[in-house]
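The following exercises are to be worked through with the sequence and the model at hand. Each task is followed by a solution in steps.

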Amino acid sequence: MTDTAIADPHTSADGASVGAARSRTFARRARNGGISLLWALAGVGLVIVMWELVKALGNVIPLPLNTSDMTMPHVWTMFAAMGEPEVRGSENTVLDAVIAATFRSLLLAFGGFLIGVAVGLLLAVIMQRFLFAERGLLPFVIASQTVPLIALAPLIVGIGNQIEIGPIKWTTTYSVMFIAAYLAFFPLSVGALRGLQAPTPTSLELMRSYAATPNQTVRKLRFPSSIPYIVPALKVSAAASVVGTVVAEISTGVRGGIGRLLIEYARQITSQPAKVYVAVFGAIALGLVVAALVTALDVYLTRNLPKEKSA
Amino acid sequence: MSTATTEHAVHADGIWKIFNEGQSNEVTALQDVHLTVESGEFISLIGPSGCGKSTLLRVIADLTDATRGDMRVAGHTPHEAREQQLYGMAFQQAALFDWRTVRRNVELPLELQGWDKAKRKARALELLDMVQLADFAEHRPWELSGGMQQRVAIARSLAVDPTILLMDEPFGALDEMTRERMQNELLRIRKETGKSIVFVTHSIPEAVYLSDRVVVMSPRPGRITDIVDVPLGDDRDEDTREADAFFDAVTAVREALRGRVGGSDARAKVGEV
């Protein structure tokens, strides 16, 4: 921004045109959004075309992968499989089952995400506030992510099942949520810590000159400054909570979620190869829904910040 | 508390600031600094990098402690002065918060003091009016030019109505034209509010144009080498910048910075430089 160009404050026309500029921005965003959607749909179409092309090619020349209908069913077979009854004679279609399972996993992932975010933020605030906490906690935070989830899952289920506080009985569902949270808290705590440490020395001295308390400094300066760091961390955390949920469902064997459904349908691959793909679509949908939610959160959190990047 | 000390905006008595004292990398940032800023006075601190001018300002502001010596700010210790918000501060970076509107940036110090919403809004608008940015109250800081941002920062530093303004090269990042306009603004604000101002700068003409007295400092060790009176009166405007008395004072400060105390034969030397 050049200084001399708009240094004169008496251009009230500038102030009046702000509203118009904002609605223009909105229109531009809506148009960009529409274009993005078209591109996304084109991408999906391209994948379908490629899939069928590879299959067709496989019938003509030998390819290094099995393109038979057993492993690569036609796209239309997959769509047809959605409408088939889930088990013989059942009222429920495969699609119904996948949607129900996806929704259940979504709830678990969301719960895990929320817990992870809360814990991650809390840890970040503590680590920022107390240097000894950062020194003491950060290695554990990092080490926590090096433990393989597969090893951890039975452990959490085993310990969790012994927990019983009054009327609240730990179930395997909680274990799934715990595992999702376990994966989700890490990116957030590390990102938020960096963000909380991001304010410039001048901003911090400014707060000191106002005799601001440490709490005020966190609320009015450090936390708002950390938003640009927290938003990308939220995206990673959300993805981690989805992966954590699906993997935890599989490794703990909890029923009802998309992870378990994937395993069940994979076992039926010889009889109904298209079915497992429907479950895969469910898992993809799960990821997309979570990504959309986080993007909406991103737009909300950064609404007052300069738009430097077109994310 | 005696009235003798309260009428001084700042009173520094033998201030020393030594970094890493007793270690091999010991640095004397301030050596035995004595300085009194009268109430309502405009003082500039000038000198090359490392002369301790910013350090002195930071000691006054209680952003760092003096190693030795006694500092009084409006009759109080710097810590008390800071706690009671007796000074307002402006830095080279405007340090406005992007996520707040211009008005809410000015409200920040009031918010921290627990002012209620309506009162702090009224106060912020009053101050934005003073720095002629009332039309931009609901803009975001990043929509403003550097000069405008700095004006917001000045409005913010005045929010709690402190008796003293401490300014650390506030116009250092601005272009020359904006800078001169800002200097006029500051003189006008000073006249309207009667604040005592301690102003750190690298610019000799800026120091002379603004100040009643220019404190000349020298590095290694950081110390006051001279204090130059600027007899330009209270009514200064663009013409002042071209007056003989202005050039005389500029020359006197320049001489003092070179270590030639006095500068009485300043006029004769202008032609040679």
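**Exercise 1.** Which residue in strand 8 of chain B does B:I46 stand opposite?

*Solution.* The model under study is a predicted one.
Step 1. Locate strand 8 of chain B, which comprises residues 213–218.
Step 2. Within strand 8 of chain B, the residue opposite B:I46 is B:V216.

**Exercise 2.** Explain why strand 3 of chain B is described as largely enclosed by the rest of the structure.

*Solution.* 
Step 1. The criterion for a buried residue is that 20 or more other C-beta atoms lie within 10 Å of its own.
Step 2. In strand 3 of chain B, residues 42–46, five of the five residues are buried, and therefore the strand is largely enclosed by the rest of the structure.
Step 3. Consider the directions of the residues: B:F42, B:S44 and B:I46 point one way, while B:I43 and B:L45 point the other way, and all are buried.

**Exercise 3.** Describe how chain B is divided into domains and how these domains touch.

*Solution.* 
Step 1. Domain 1 of chain B consists of 3–86 + 169–270, and domain 2 of chain B consists of 95–161.
Step 2. Taken over C-alpha atoms, the centres of these domains are separated by 26 Å.
Step 3. Contacts involve twelve residues of domain 1 of chain B and ten residues of domain 2 of chain B.
Step 4. On the side of domain 1 of chain B that touches domain 2 of chain B, six residues are nonpolar, three are polar and three are charged.

**Exercise 4.** Characterise the side of chain A that touches chain B.

*Solution.* 
Step 1. In chain A, 25 residues are in contact with 30 residues of chain B.
Step 2. Helix 1 (12–16), helix 8 (201–209) and helix 9 (214–252) of chain A each give two or more residues to this side.
Step 3. Helix 8 of chain A provides the largest share, six residues.
Step 4. By type, this side of chain A holds twelve nonpolar, nine polar and four charged residues.

Definitions and conventions:
Residues are numbered from 1 along each chain as its sequence is written. Chains are lettered from A and ligands numbered from 1 in the order in which they are written. This is a predicted model: local features need pLDDT of at least 70, side-chain atom pairs count only at pLDDT 80 or more; totals for chains, interfaces and linings use all residues. Two residues are in contact if their C-beta atoms, placed from the backbone, lie within 7 Å. Helices (H or I, at least four residues) and strands (E, at least two) are DSSP runs, numbered from the N terminus. Ala, Val, Leu, Ile, Met, Phe, Trp, Tyr, Cys and Pro count as nonpolar, Asp, Glu, Lys and Arg as charged, and the others, Gly among them, as polar. Domain bounds come from an automatic or database domain assignment. A residue is buried if 20 or more other C-beta atoms lie within 10 Å of its own, exposed if 12 or fewer, and partly exposed in between; C-beta atoms are placed from the backbone. Two strands pair if DSSP finds at least two bridges between them.
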